[in-house]
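Me: I'd like a close look at one part of this model: how the strands pair up and what the helices do around them. Please take it slowly and keep the residue numbers in.

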Amino acid sequence: MNRASKVAVPTSTPQLAAEESAVDVTGKRIIVVGHGMVGHRFCEEMAAGGSRQPFRITCFGEERRTAYDRVPLSDFFAGKSAADLQLADPDWYAAQAIELCVGERVVGIDRGNRTVVTDRDRQVSYDILVLATGSAPFVPPIPGTDLPGVFVYRTIEDLEAIQAWGRRGGRAAVIGGGLLGLEAAKAALDLGLETHVIEAAPRLMPRQVDTGGGQVLRAAIERLGVRVRVGAQTEAIFGEGSVAGLRFRDGEELAVDIVIISAGIRPRDELARSAGLVIGERGGIVVDPTLATSDPHIFCIGESALVNGMIYGLVAPGYDMARALAARLRGGDSVFSGADLSAKLKLLGVEVASFGDAFADETAGSEARRVVFEDRAAGVYQKLVTSTDGRRLLGGVLVGDASAYTRLLALLRTGAELPERLHEVLFGAAAADANGSLAAFDDEAQICSCNQVSKGAICSAIRDQQLTTVGGIKACTRAGTGCGGCVPFVAKILECELAASGRQVNRNLCEHFAYTRQELFQIVKLGRIVSFDELLAGHGQGGGCEVCRPAVASILASSWNDFVLKHATIQDTNDRFLANIQRGGTYSVIPRIPGGEITPEKLMVIADVARRYDLYCKITGGQRIDLLGARVDQLPAIWEELVNAGFESGHAYGKAMRTVKSCVGSTWCRFGVQDSTALAIRIEERYRGIRAPHKLKSAVSGCIRECAEAQSKDFGVIATEKGWNLYLCGNGGSQPRHADLVASDVDEETLIRLIDRFLMYYIHTANPLERTARWLERLDGGIEYLKSVIVDDRLGICERLEYDMQLLVDAYECEWAAVVRDPQRQAAFRHFANSPEPDPQLAFVRERGQRRPEDWPQSPATTPPLVAVEGQTWVRVANAADVPRDGGVTIRCGGAQIAVYHFASRNPGVWYACQAMCPHRGDMVLGRGLLGTQGDEPKVACPMHKKTFSLLSGVGLSDPQFSVQTFPVEVRDGEVYVALPPFDQLMTANNDTCRGGLCGVEGLATEANA
């Protein structure tokens, strides 16, 4: 989190000499003065194109160490070292051909000769000079600031001095109750000192919070043992030989042993001032939007830059400036037009956030409205400031509970209209929108990018068509029928719309089960139900669908850990074929590589397999190797080679434990404090194959530098000197969430027990396809409640959770190996049930030396419902035993591909057939689809994008613009016959809408009429 607040410096901006055009830096030398966070970021941005640049950079830093993170400085007192805070690696600078000069201060600028002079009497010429001199602590002009025992709070050297003096113990006074002051107070508290905060303003953090927020913040901090004085003017610091106390303007004194001054910052503009550059009336180097100073060869970024009368004392705007200037110097036309000063942080364990114009309600002449929620007992204060009509959010303050910050900031930035009942922005339906963010979307906001469906279109469809299910929304608007990524948003919109209209929100799993997933989990567990048919017969209705079948498959796996192919026809295609389906209907193979550790011999096996089967190779984000482009009939042979070399299934295809990412830890890293690789391997091997409501990802970092990014995972572990810290419910991807710390400095066995409990509690209670981050956001009581359940055993279930987990661990079996050992199971892995030949419609192109699927057509062909045609002939296509119960297969019939299904659980068991090609993208995959019913209509769901089609009429149920041709089926003496029309009539009816006709039907007429 950024530390300093904005510093408003009103001034008239003199005419600058900078040119508006992009700067040509080819062959030129750039000097950067300042090696802090912003100076370092500028070097990173300039080096983004690689190490061989058309310019030279020299960077000077006056501190003897390389750039470090000033944001978490107080963590230095909680055990972080200077190395932990380090941002810059000298080796990186050398690799980028950037000359880094630390411990060398620039003391003068000769603008005429374009040189800088350093304190080592060096003169270095420049073509372009970038000033990133930052800021310095403001020391109030009061007597005694030079006494021993008085410190400022800015650099690591300051911290080391404070730490050394603080070892004497006693009482500390922090002058300044702003962001930096409260950080310094935390440092003093961590040193074991009695801590007093002195603030001249009438409240703490006067630039961020209002009076009410300041009162709640003060009470929360005082409960931690910090003494707070507001409205206190320090007149002098006194002492004989060293600091002994403070004297205030009212005559009162406070005896102290150490004083930390953290009363604000001032821009470091002395170098620019001495060089004759234009300086603001109250300090700061004046720059234009291109970040150029009054000298066109000199630019300024960071806390020393005065932009439109504003000095930004935050790190984020400094980074924005560095990015804009680097882009401009690299040939672009970027400008810096200002930055958002909203901020969220945690000070002394208290969440504080402010955004927008938080004081618009206090501005003279303003008629802005405000909504305030205050709970002094809980230490929570929340204020929203809105426009006069209450329709637009202008700003706000959050103290004690800032969980709504992200949602509110989005509302502010988009200008979305607020609900009539303003409190709903903090609580109720508006606050619950789509994982906490849908309230930020207006009616024009696009929810489904695949089909360009807006929120307004979805809401209108729900109201006008009286829709009550996500399936209904899909059929009506096509939202969610593409990649499916927007389905959770669609579901939340539906819930909010139903609640707003007073209609009951149906949280049942689907039309076939009048229960939630959590209820079904308990029914399966307590009733010891072991199959989908048993559950449907006793607790459901109809024939199931693409929603409940995979959900129940996951529940069964999470309860009994049966081999998944025992329930093959209720699995999604990924689990059914133990690999990830990809474009064109091929699959990817990802072997498990626990902790990312692999031998050269195993690497050679992977390379050999990839070469033999011409597979596309890709390193994944989870330290594994993805082999893409395998045909379904090739999978068992590929697995056999991998299994024989010691590999296992990586379960990349399942809603299961995926991977545990790891750094090298103490084994290799000079900063590592624990063996993170060994622990990552242990965790991954313990939880491999365990099915859950959604995929699970983990990571273990060997030190606080967090190279494995453990805090963005479902559960992450970070090493400490004393043991391990456990973080839960993080999430990367499109809705990132930082994981919460749940346990600190625990030993390895305790850590494993806590993870056991967490995973099983999540498996027991989450919704289908709900990641742990979203589950936690929905969990009443949030992280504190979760901690009470799995750490404090609030519900008395921890022993049972551990027992359930051990059952799953003990039942583990590598699924690939199980198929390799069983020829009968291998027979299910082929494209055609009646032929060993591969799918002839697969098409590939070469790109960057590897094979990939050819592109899908830009506009999928829409198809009208196909009507029965004359001259149908019954053709024997397969043995009935070739078609799995409640499943389908693909049949080769001459040049055609036909999907045949045996819906055995329907009464009586019936057979269906249709074209094998899904018309959405032209892939021959419908034979691998999931069977189900919609009302009493039998349907099949395409495994690619879950588009559903009636098996009676062929009409698209989820997306009516697509339909398929269906065919009559009969079973005679154990053999399956399909009535197929002549080729010419079929082509006329189909209007040549798919590649090569109906899925490659050349030759169909010959066999159909034979």
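Reply: Strands here are DSSP runs of E with at least two residues, helices are runs of H or I with at least four, and both are numbered from the N terminus. Two strands count as paired if DSSP finds at least two bridges between them. This is a predicted model, so local features need pLDDT of at least 70 and side-chain atom pairs need 80 or more, while totals for chains, interfaces and linings use all residues. Numbering starts from 1 along each chain as its sequence is written, and side-chain values use heavy atoms, without hydrogens or water.

Strand β36 covers residues 715-719 and strand β37 covers 724-728; the two run antiparallel and are joined by five bridges.

Then come the helices. Angles run from 0 to 180 degrees between N-to-C directions, with axes fitted to C-alpha atoms (for helices, over the stretch in contact).

Helix α21 takes in residues 676-687 and helix α22 residues 748-765, and they pack at an angle of about 35° with axes 12 Å apart. Which residues of α21 meet α22? From α21 you get L679, R682, I683, R686 and Y687. On the α22 side they meet E748, E749, L751, I752, I755, D756 and L759. Contact means heavy atoms within 4.5 Å.

For comparison, here are two other bits of strand pairing. There is an open sheet of three strands in the order β5-β6-β7, and this one is antiparallel. Its edges are β5 (106-110) and β7 (123-125); a single partner strand for each means that one side of each is left without a neighbour in the sheet. The twist in this sheet averages 25° from one strand to the next. Strand β6, residues 115-118, runs antiparallel to β7 and is joined to it by three bridges. Within that pairing, V116 sits opposite V124 of β7.

The last stop is a hairpin. Strand β14 (residues 234-238) pairs with strand β15 (residues 245-248) over four bridges, in the antiparallel sense. I237 has L246 of β15 as its bridge partner. Six residues lie between the strands of this hairpin, and G239 takes a positive phi near 160° there.
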